Amino acid sequence: QKQLQQLRRQTAHMETLAVPMMLGSAHRPLFRTQSSPASTSLTVCLCLVAGLVYDSQMLKHQCTCGDNSSHPEHAGRIQSIWSRLQERGLRGQCETIRGRKATLEELQSVHSERHVLLYGTNPLNRLKLDNRKLAGILSQRMFVMLPCGGVGVDNDTIWNESHTSTASRMAAGSVTELAFRVAKGELKNGFAVVRPPGHHADPSNPMGFCYFNSVAIAAKQLQQKLSANKILIVDWDVHHGNGTQEVFYNDPSVLYISLHRYDDGSFFPGSGGPAEVGSGAGEGFNVNVAWTGGLDPPMSDAEYIAAFRTVVMPIAQEFSPDVVLVSSGFDAAEGHPAPLGGYKVTGKCFGFLTRQLMGLAGGRVIMALEGGHDLTAICDASEACVSALLGIESVNVLEDLIIVVQRRSPSNLTELERICREEWEKLPRYRCAKLVASYPRRLEAVIAAKGASTKY
């Protein structure tokens, strides 16, 4: 900490090279002129510290039945990750920032007032609000009785009258606070160990364990309170982030890219097909890498790396974002049964993908935990991602992973190529012809790195 303070004093006179501060300041604006050949000179981050955020209040969001075994989204998820980061010495290398509850105004930048008051208030803080307005809204509440004996807003999403609103607001506020600290140049990048997740929550409805869309709220706040002109959201949770897509579907200043299991709309939540590319001014700024074909075989590192090389990174590099937000669900990781994912992505692969994203926006990457329910898998993946954010070098995943080509069906290549072509056809502004033409060569490079057969 002393060395950090000394470094900050030494670099104080170079503030004008850092990321912009609040709107109206004398610092350079967050956006860069896309055509400027010197634009990369503005992406240098002088700080050396990655940030972590976590708060024990998020542990209290638990089903009133008291039995976590029937609820895959439980407090042990973030407890386990936080403990793993401590055991590996990673927490000590990061700056831990204080979490906070999102304000009602911040929540309403994404969600309707009704939604915010329904799910963002508990008996204690309702005393401070307008009881006349609340009375009408609270009378509209609808809950279901769960098989375990607890209460939920649907069959999956549990509700705890005393603690769910606080935990959900803490998750959203903590992600937003971390995003602000990174965007203002106070931290290099960061990882938010938060729950409940958020990317399924749309402006008016909770679903899929989610109440408030933390990443979308952080993006809106960066737009409104810091001059963030272009924000990239990458969502690699195995389930499509239907809520995030809906929030920014018409917004050309937010590029949303999701990689998820789709299976022609039969996998939860059923949205996120390749043809969903945005509308109006936002057309072309919504990209779904929608895996289909089920689990024969399951998607794994090879497919995710190839998709990043051929779809995600080329589009992201051309978009040239100011900040990168990652809906970092780890339920595509090996260890999750078919109903919760069924894919075989390794923790090392998630670390590799994180390093790829760090090449964007001057390294301003903010990751927020979404799904992921196998404790070993999510701990391995979180460790790999935080290590990447810290710049800890590990063996390159392309050299370290064994890709057994002979065990893979040729249909995988056909499927990935189809997805790529569909995406590029929908996004002509991203020089699709050039990149589609180079697709086979790019995939061969992935396989050739292992010296494997190119008859993939």
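I began with Asp264, which sits in the loop between strand 7 and strand 8, where helices (H or I, at least four residues) and strands (E, at least two) are DSSP runs numbered from the N terminus. The phi of Asp264 is near 55 degrees, a positive value in a residue other than glycine. At 63% relative accessibility Asp264 counts as exposed, since buried means under 20% relative accessible area, exposed over 50%, and partly exposed in between (1.4 Å probe, protein chains only).

I noted for the whole entry that this is a predicted model, in which local features need pLDDT of at least 70 and side-chain atom pairs count only at pLDDT 80 or more, while totals for chains, interfaces and linings use all residues. Residues are numbered from 1 along each chain as its sequence is written, and side-chain values use heavy atoms, with hydrogens and water left out.

I then looked up Asp263, which lies in the loop between strand 7 and strand 8 and has a positive phi of about 50 degrees although it is not a glycine. Asp263 counts as buried, because its relative accessibility is 11%. In the loop between strand 7 and strand 8 I also found Pro269, joined to Phe268 by a cis peptide bond with omega about 0 degrees. A cis bond also leads from Arg195 to Pro196, with omega near -5 degrees, and Pro196 is placed in the loop between strand 5 and helix 8 (214-225). I wrote beside these entries that most residues other than glycine have a negative phi, and most peptide bonds are trans.

**The chain as a whole**

I recorded 16 helices and 10 strands for the protein chain, and 58% of its 456 residues are buried. Of the contacts (heavy atoms within 4.5 Å) between residues at least 6 apart in sequence, 77% join residues at least 24 apart.

I traced an open sheet of eight strands in the order 2-1-5-10-9-6-7-8, with parallel pairing; two strands pair if DSSP finds at least two bridges between them. Strand 2 (95-97) and strand 8 (286-291) stand at the edges with a single partner strand each, so one side of each has no neighbour in the sheet. Neighbouring strands of this sheet are turned by 15 degrees against each other on average, direction ignored; axes are lines fitted to C-alpha atoms, for helices over the stretch in contact, and angles run from 0 to 180 degrees between N-to-C directions. Strand 6 (residues 231-235) pairs with strand 9 (residues 323-328) in the parallel sense over five bridges, and Asp235 stands opposite Ser327 in strand 9.

I next followed helix 2 (residues 76-87), which packs on the sheet by touching strand 1 (50-53), strand 2 and strand 10 (365-369), and whose direction makes about 130 degrees with that of strand 10. Helix 12 (residues 375-390) lies across strand 1, strand 5 (189-192) and strand 10, and runs at about 160 degrees to strand 5.

**Helix 7**

I checked the length of helix 7 (residues 164-183), whose 20 residues should span 28 Å at 1.5 Å a residue, and its end C-alpha atoms are 29 Å apart, which agrees; the expected span is 1.5 Å times one less than the number of residues.
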